[in-house]
Amino acid sequence: MVLEELIYMAQYHQTLIQQVLSLGASHAALLPVSQLPFDPSFRDLCRSNACGMYGACWMCPPYIGSSEELIEQAKAFEWALVYQTISPLEDSFDIEGMLAAGQQQNQLARNIRFLLLENGCSSFLQLGAGGCRKCSICAKKTDSPCRFPDEAMSSLEAYCIDVSRLAERCRMHYINGVNTVTYFGTALLQG
């Protein structure tokens, strides 16, 4: 790349980060996809079904694809736009607060999707915290096709991304103190 192209890309990236922050992200960063911390052992966590979504959602394992396929798919992109939300909780047992913070994170992800589309970005892969949650009941429950394939979102963990190491690489905290909950999302981009 020539110097002018590098300067343009740096300015575009900084503008994109500022736009994501203005949408409500607590922090945002861009990281080359080559620096994403992949760990195929995360698929074992999915198989343990701790979240209850294994085999129950089109965007979760085993239906989303093998760990090898998903890692390869992610590596086809150049940049990871990583963002997080940090939300206060009344206490460590505040389930309602955690659910509300999760809804806030999901809304932020939808807003980032619209932002990317408005900016002319037509090829991206959006990954969220803990699974799709686009529909209150996934069409997989009735073995029907996904109702919103263009908006459905898999999780970072399903793509074998180690979120705690990702946070370190983006200079973000994975845990942000007592009585808070932190969620991460990313959009994998070209150029």
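**View 1. Strand S5 and its burial in the predicted model.** Of the 10 residues that make up strand S5 (residues 180-189), 8 are buried, so this strand is largely enclosed by the rest of the structure. The coordinates shown here and in the following views come from a predicted model.

**View 2. Pairing of strand S5 with strands S2 and S3.** Strand S2 (residues 79-88) pairs with S5 in the antiparallel sense, and 10 bridges are found between them; within S5, Thr182 is the residue that stands opposite Ile86. Strand S3 (residues 124-128) also runs antiparallel to S5, to which it is joined by 4 bridges, and here Gln126 has Ala187 of S5 as its bridge partner.

**View 3. Helix H4 and the residue that follows its end.** Just after H4, the backbone of Gly120 adopts a positive phi of about 85°.

**View 4. The salt bridge between Arg47 and Asp44 in helix H2.** The side chains of Arg47 and Asp44 form a salt bridge with an N to O distance of 2.8 Å, and both residues belong to helix H2 (residues 42-47), where they are 3 residues apart, or about one turn of the helix. Arg47 is partly exposed, its relative accessible area being 46%, and Asp44, with a relative accessible area of 44%, is likewise partly exposed.

**View 5. The salt bridge between Asp143 and Lys140.** A search of the whole structure finds 4 salt bridges, including the one between Asp143 and Lys140, in which the closest N and O atoms are 2.3 Å apart. Asp143 counts as exposed because its relative accessibility, 56%, is over the 50% cut-off, whereas Lys140 is buried, with a relative accessible area of 12%.

**View 6. The salt bridge between Arg165 and Asp162.** In this pair the closest N and O atoms of Arg165 and Asp162 are 3.8 Å apart, and the contact counts as a salt bridge because that distance is within 4 Å. Arg165 is partly exposed, with a relative accessible area of 31%, while Asp162, at 12% relative accessibility, counts as buried because this value is under 20%.

How values were computed:
Residues numbered from 1 in each chain as written. Predicted model: local features only at pLDDT ≥ 70, side-chain atom pairs only at ≥ 80, totals over all residues. Heavy atoms only, no water. Helix = DSSP H or I, 4+ residues; strand = E, 2+ residues; numbered from the N terminus. Buried < 20%, exposed > 50% of the residue type's maximum accessible area, 1.4 Å probe, protein only. Pairing = 2+ DSSP bridges.
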